[in-house]
Amino acid sequence: MRRQDLLALGFMTFALFLGAGNVIYPPMVGQQAGDHLLFAAAGFLITAVGLPLMTLVSMALAGGPQKLTADIPRRWHQVFWTALFLVIGPAFAIPRMAVVAYEMGFLPFVEQPQGWHLALYSAVFYLLAWVFALNPGSLIKTVGKLMTPALILLLVAIAWGTLSNPQGAIVFAVGDYVHHPFSEGLVQGYMTMDCLAALGFGAVIANTVRSLGVTQPVMMARYTVYAALMAAVGLGLVYLVLMYLGATSHEVAGQATNGGQVLALYVAALFGLPGKVLLASVIMLACLTTAVGVGASCANFFSTQSQRLSYTTAITVIMLASAVVANVGLTQLITLSVPVVVTLYPLAVAFVVLGLLRRGLSAPGDVYFTVTLVTACFAVLDGLKAAGLLPTVVTEALSHWLPLFDAGLGWLLPFAVTLVTTWAGQRYRRALQPQS
C-alpha cells in the first residue's frame, strides 16, 4: 500500500469514529473534572480510545468482525450481530446523527424554525450519505481524502483558539470527579459506546483495504492495525483539547447543561458569528462521515445475510428508514434503544477480549460459552435497570452488593472473574496433561 493511501485509510478510520457525540461529550467531562482534569482524562482515554483500538486490533487478528463470535452457537451469533447493526444503524445511531447535525448546525441560524425544516434537512443529509456510501470501495476517496482533511482543519482551528486564548481559569472539580476522577472518567469514556461502532466499522475498513489491492489476510490485518493506531492518536488529541476546552469554560458556559452547549458557547466566545459557522461545519462533517461509515457497515452486513438483497438495495433502505425515524419517532426510539445498547455493549467487550486471548485457549468454545453466558445475564440486569423495569428492592440490593452496578457496569466484575477462572482452569488442565 502506498504511503498516501495508508494515511488516507487512517484519516477515514478517524472520521468514522468522530461523530457528533464524540465531539460534544468531552467538554462536559472537562468542565466537571476541573482541577482533576488529568486523572479524569486518563480514565476517559482508556475506555474511549483504548477500547475501540483494542476492538479493531482484535478483529484484525481474528480475520474479520464476525469471526470474533465464531465460537458461540450460530443462533446467538445471528441474534447478536443483527441486534448490533439495527441499533448502530437505522434504529438508533444513524437517525440521531441527522437530528444532532440539524440542531447544532442549522437551528442556530434560524429565528423561527418550521416543522418541515427537519424533514428537508434530513432528506438532503441522507441523500448525501447515500451517495457517498453507494460505492463502499470509494470511501477512502470521499471520506479519507476529501472530507476528513476538511474536518481536521476545522478541529485544528478550534484547538488553536482554545489553547491560545482559553476563556477562563480551571476551577475545582464537582460531583463524582471530586473523589473519584479516574474511575468517573473511565465510566464516561465507556458510555461513548465506541466499541459497538468499532465492530460495525470492521467490514468497511477491510473492504477499503481490499479495494487498495491488499488481499493477503496477514497484510490486511497489519494495515488495519496501522489505521487503528492513527485513528486512536487523532481521537486522543481531539478529546484532550475538548476536555481542556470544557475545563476552561466556566466563565462563558458555566450554566450549560450538556457538552453541546459548552462547545457552542465557547466557540461563539472565541470567534463570534464565524465560530457558529465553524462549529456547524464541524458537526455536519462529523455526523455525515459517521453516517456514511455506519450505513455502509449495516448495508454490508444485511446484504451478506441474504442473497436476494444487494448492497445498493440495503443502503437505500437503511437511509430511507433512518430519514423516517429521524422525523417521526426518534425520541421514543432512543428510549427503547438505550437498554438494548446497554445490554449489547458488555457482550461486545467480552468478544473483543476473548478474541485477543483466543490463541492461548485449548478449548475456546467452552470459554466463550461460559464467559458470554455469565456476561449476558448481568448485562440484561444492567439493561433492565436502564429501562426502569427492575423492582426497587432488586435495584437497591444489586447497588449494595454488586460493584459498579449504579454506574451501569454491573457486568464488569462477573465478566472479569469468569474470564480469569475459565482461562486459569484451562491452563491448569493443560499443565496436568502428560507431555508427548
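Predicted model: local features only at pLDDT ≥ 70, side-chain atom pairs only at ≥ 80, totals over all residues.
1. Basis. Residues are numbered from 1 along each chain as its sequence is written, and side-chain values use heavy atoms, without hydrogens and water. Local features need pLDDT of at least 70 and side-chain atom pairs count only at pLDDT 80 or more, while totals for chains, interfaces and linings use all residues.

2. α9 and α13. Helix α9 (residues 194-211) packs on helix α13 (residues 273-305) at about 90°, with axes 8 Å apart; axes are lines fitted to C-alpha atoms over the stretch in contact, with angles from 0 to 180 degrees between N-to-C directions. Helices are DSSP runs (H or I, at least four residues), numbered from the N terminus. The pair is therefore roughly perpendicular (65 to 115 degrees). Gly200, Phe201, Ala203, Val204 and Asn207 of α9 meet, among others, Thr290, Gly293 and Asn300 of α13 (heavy atoms within 4.5 Å).

3. α2 and α13. Ala20, Val23 and Ile24 of α2 contact Val282, Ile283, Ala286 and Cys287 of α13.

4. Surface patch. Leu38, Phe39, Ile46 and Phe182 make a nonpolar patch of about 460 Å² (residues with over 30% relative accessible area and no salt bridge, nonpolar side chains joined within 5 Å; Shrake-Rupley areas, 1.4 Å probe; salt bridge: Lys or Arg side-chain nitrogen within 4 Å of an Asp or Glu carboxyl oxygen). Helix α3 (residues 37-62) gives the most, 3 residues.

How values were computed:
Helix = DSSP H or I, 4+ residues; strand = E, 2+ residues; numbered from the N terminus. Parallel < 35°, antiparallel > 145°, perpendicular 65-115°, else oblique. Patch = residues over 30% accessible without salt bridge, like charges linked within 9 Å, V, L, I, M, F, W, Y side chains within 5 Å.
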